[in-house]
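Good morning, and thank you for coming.

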Amino acid sequence: MAGGIREVRTIADQPKAKRRNTRQDLIKAGIEEINRHGVAGFSMRRIAQNCGVSCGAPYKHFGDRKEFVAAIIDYVNEQWHAQQAKILETWAGDTRRQIVEVSTGYIRFLVENPHLREILTLKDEEFDNLYHKVRGQMSSPTQQLIQRYCQENHLDDETRQRKVYVVRALIFGAAMQFDSGELPYNERTLQIVHDSIERELSLP
């Protein structure tokens, strides 16, 4: 009887494990779909075929295209937030250092995960209202850190806005130049960007 009980539990657990794996496989295939065809050409049927599941399977996990795209962006957010949390913990109590290291870490993430980076630069009117807020979660921690830093150092709002702009420009400008090959992606050039962000924080 004990053996029978173990068998029943194993069978009961299998569908849950299968659903989790299928959802993740669909999300990864969805990232590839957007990279290849963009949001306008996003096909849940094609994604299902690429995953080897029925055409109705994506709808069981996501409902519709908008929910699917939102789930993909959530997944991208999770990948970065896991790395970001480690950086923030390492430099806890030092807001300035957190800004510099989180910004540099974000550049690494963008350059080393081009398949995920494409999701961050999506622009589509049909989906923009849905995922604009979600997408903004990727950069909001940096803005919040800069706001805290300015409060700690009694800097005015105009200075805060300038620092947010400059730091964000350095992050995305560096990522684009690394991606295009205009700058070689190595520790030396990353250090240059790192130092540039730190220098901005030193300015009044």
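Which side chain meets that of Arg36 in a salt bridge? The partner is Glu32, with 2.8 Å from N to O. By salt bridge I mean a side-chain nitrogen of Lys or Arg within 4 Å of a carboxyl oxygen of Asp or Glu.

Before going further, a word on the basis of these values. This is a predicted model, in which local features need pLDDT of at least 70 and side-chain atom pairs count only at pLDDT 80 or more, while totals for chains, interfaces and linings use all residues. Residues are numbered from 1 along each chain as its sequence is written, and side-chain values use heavy atoms, with hydrogens and water left out.

Let me return to the pair. Arg36 and Glu32 both belong to helix H1, residues 2-37, where a spacing of 4 residues separates them by about one helical turn. Helices here are DSSP runs (H or I, at least four residues), numbered from the N terminus. In general, an α-helix has 3.6 residues a turn, so residues three or four places apart point the same way. Arg36 is exposed at 62% relative accessible area, and Glu32 is partly exposed at 35%. The classes are buried, under 20% relative accessible area; exposed, over 50%; and partly exposed, in between, with a 1.4 Å probe and protein chains only.

In total, the rule gives 9 salt bridges. A further one of them joins Glu198 and Arg97, whose closest N and O atoms are 2.8 Å apart. Because Glu198 sits in helix H10 (residues 187-202) and Arg97 in helix H5, this contact ties together parts that lie 101 residues apart in sequence. Both partners are buried: Glu198 has a relative accessible area of 19%, and Arg97 one of 18%.

Helix H10 also takes part in another pairing. Arg162 and Glu200 form a salt bridge at 3.4 Å, N to O. Arg162 belongs to helix H9 (residues 157-180) and Glu200 to helix H10, so parts 38 residues apart in sequence are tied together. Here Arg162 is partly exposed, at 32%, whereas Glu200 is buried, at 7%. As for Glu198 and Arg97, shared partners join them with Arg96 and Glu101 into one network of salt bridges.

Note on methods: Helix = DSSP H or I, 4+ residues; strand = E, 2+ residues; numbered from the N terminus.
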